[in-house]
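Open the model in your viewer and keep the selection panel at hand.

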Amino acid sequence: GADVDAGTNVVTGADMATGTNTATGESTTHSPDFAKIRLDFPVLAREVNGRPLVYLDSAASSQMPAQVAERIDHYHRYEHANVHRGIHTLSQEATDAFEQTRDRVQHFLGAANRSEIIFTSGTTDSINLVAHSYGGSTLRPGDEILLTQMEHHANIVPWQMIAERTGAKILVADVDEHGNLDLDDLRTKLSNRTKIVALVHVSNALGTVNPVQTIIRMAREQGAIVLLDGAQSAPHQPVNVQELDCDFYAFSAHKVCGPTGFGILYGKKELLEAMPPYRGGGEMISRVSFEGTTYEEPPFRFEAGTPPIAAAIGLGAAIEYLQSIGMEQIALRERELLEEATKKLAAVDGLRIIGNPAERSAVLPFVMDGIHASDIGTLLDKQGIAVRTGHHCAQPIHDRYGLDATARASFAFYNSSEDIDRLVEGLEFVKTFF
Ligand code: PLP
C-alpha cells in the first residue's frame, strides 16, 4: 500500500496476496486472496441474532474495511482543521489530504482534469446539481429529458422538479420482460428535442448493466448530453469516463467502501465552466460585494461551505483500498459469486428470480410463492442474514412487473460461497413458516 498521508499506511489483505503495484495502484495478475480480504471487514466477524452475520445488502451500502475507518479516525484525532482558508500547518495538511481525494477520484474515473471532479454529498446530490444548474439554465419549454423505466428515484424526481420549472417534458424508455432496456423504444424517443439523457449505468433493482456506450453514441447523434447514475457501477467494475464519453457521472462514497454523506459528480470541463452555481456561500466565490458577486471556477464554484473533510479523506482511502485489489479483480470475483448464487437460488423450489438481463451485476431480486418480501427479509434477519426488501427506491420498474416488492440479495467482493449457502438454507427455513 502507498502512504495515504501523515504516515498512515493502508495495507490490505489484497496487498499481501498479490503484491500490489504501488506505482499504478492496480494489483498485479495473481488472483487476490479474498478469504484474507474478508478479514479487513470487522463487521463481517460479528454475530446478528445469535448467528454469524451474512451481509447481502451491499447495493444499499457497502461495508467499510478497517483501513478506511482507521484513516478517518486518524484524521479526526491528529489532523483536523478547516480546509482551503488556513495559513497554518494543520489546515494545509488537511487541505492536502482533502485535495488528494480529488486526484484519486480523477484517476479512479479516468477523468482528464482534476477540476472535473466535484465533491457532493452523494449520488442524489450530484444529480440534483446537474438537474438544477445545467438543466435549470439550459432547458426551454418543449425540450425533452429522456429517462428509463429502471431509474432510481434519485434520477427521476430531480428531473420532474426541473421539468416543472422549465416547461421541459420527460420521456421514459421502456424495459423489456428480461430487464433489458428496449433500445428500439429508446431510439424512437430520442430526437433533436432531447437535450438530456439521464440513465442508470447499473440498475440497483435488477442488476442490469446497461449498454451505455451505445446509448451515449445514440444521444450524441441527436445532440443530447448524457448523465450516468453510477451509484451501482463505480463499486463493481472499472469505469473510464473518457472512454464512455459521458458528460456527467455520479456516485456515492458509501457504496464504494467509504463513508456516508459524501459523493462525486464528474462533469466535462466545458459544461461545468458554463454552469451557474447550485448553492451559494463561502468557498465558491471569487469576490463578494453587495454590488455583485463573482464566482470561482469549477470545481469550487459547486462546493459552497465547509465540506465533509473526514468523509472526503475516507473516500480517498476507500479508493486506494479498492485499487489495491484491482477493479478488474473485483468484477471477476463478483461475477463468480453471482453465477453461484443464481444457480443455487434458482434451485430453491417456489423462488423466482426477477429478470434475466443480458449483462447483470451481482444483484439478485427475487420473490417467493405465497410469501411476502418483507416476511422473507424479517425471517432471514432472525438468522443473521441481511437482505433488502421493498421497492428499492425504484417504484416504476416494480410497477412494470406488477410487483409491489421484491427481496434483493446483493453481493460484494467480500462475500463468500458460505454466505450463499447460508442464504439458501435461510430461505428453506423461511418456507417452513408458510
Ligand atoms: N442511484 C442508484 C442506482 C442507487 O442505487 C442509489 C442508492 O441506493 C442512488 C442513486 C442514491 O444514492 P444516495 O442515496 O447515496 O444519494
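Start by selecting Leu109, Tyr249, Phe251 and Phe413: in this predicted model, these residues touch the most other members of the largest nonpolar core, which has 78 residues. Next, colour helix H11, residues 309-325, which gives the most to this core, with 12 residues. In soluble globular proteins, nonpolar side chains tend to be buried together.

Now centre on Tyr249 and show what surrounds this residue. Beyond the neighbours within four places in sequence, Tyr249 is in contact with Leu109, His201, Leu228, Gly230, Ser233 and Ala234, and also with Val239, Val241, Ile264, Leu265 and Tyr266.

Then move to a second, separate core of 27 residues; to find this core, select Val54, Leu337, Val348 and Ile353, which are among its members.

Select helix H12 (residues 327-346) and helix H15 (residues 417-431): their axes lie 10 Å apart, at an angle of about 20 degrees. Angles under 35 degrees count as roughly parallel, so H12 and H15 are roughly parallel to each other. Their crossing is right-handed.

Finish with the cysteines. How many disulfides does the structure hold? The count is 0. Select Cys257, which counts as buried because its relative accessibility is 2%, and then Cys393, which at 28% counts as partly exposed.

Methods:
Residues numbered from 1 in each chain as written. Predicted model: local features only at pLDDT ≥ 70, side-chain atom pairs only at ≥ 80, totals over all residues. Heavy atoms only, no water. Disulfide = S-S within 2.5 Å. Buried < 20%, exposed > 50% of the residue type's maximum accessible area, 1.4 Å probe, protein only. Core = buried A, V, L, I, M, F, W, Y, C linked by side-chain atoms within 4.5 Å. Helix = DSSP H or I, 4+ residues; strand = E, 2+ residues; numbered from the N terminus. Contact = heavy atoms within 4.5 Å. Axes fitted to C-alpha atoms, helices over the stretch in contact; angles between N-to-C directions. Parallel < 35°, antiparallel > 145°, perpendicular 65-115°, else oblique. Left-handed = near helix turned anticlockwise from the far one by under 90°.
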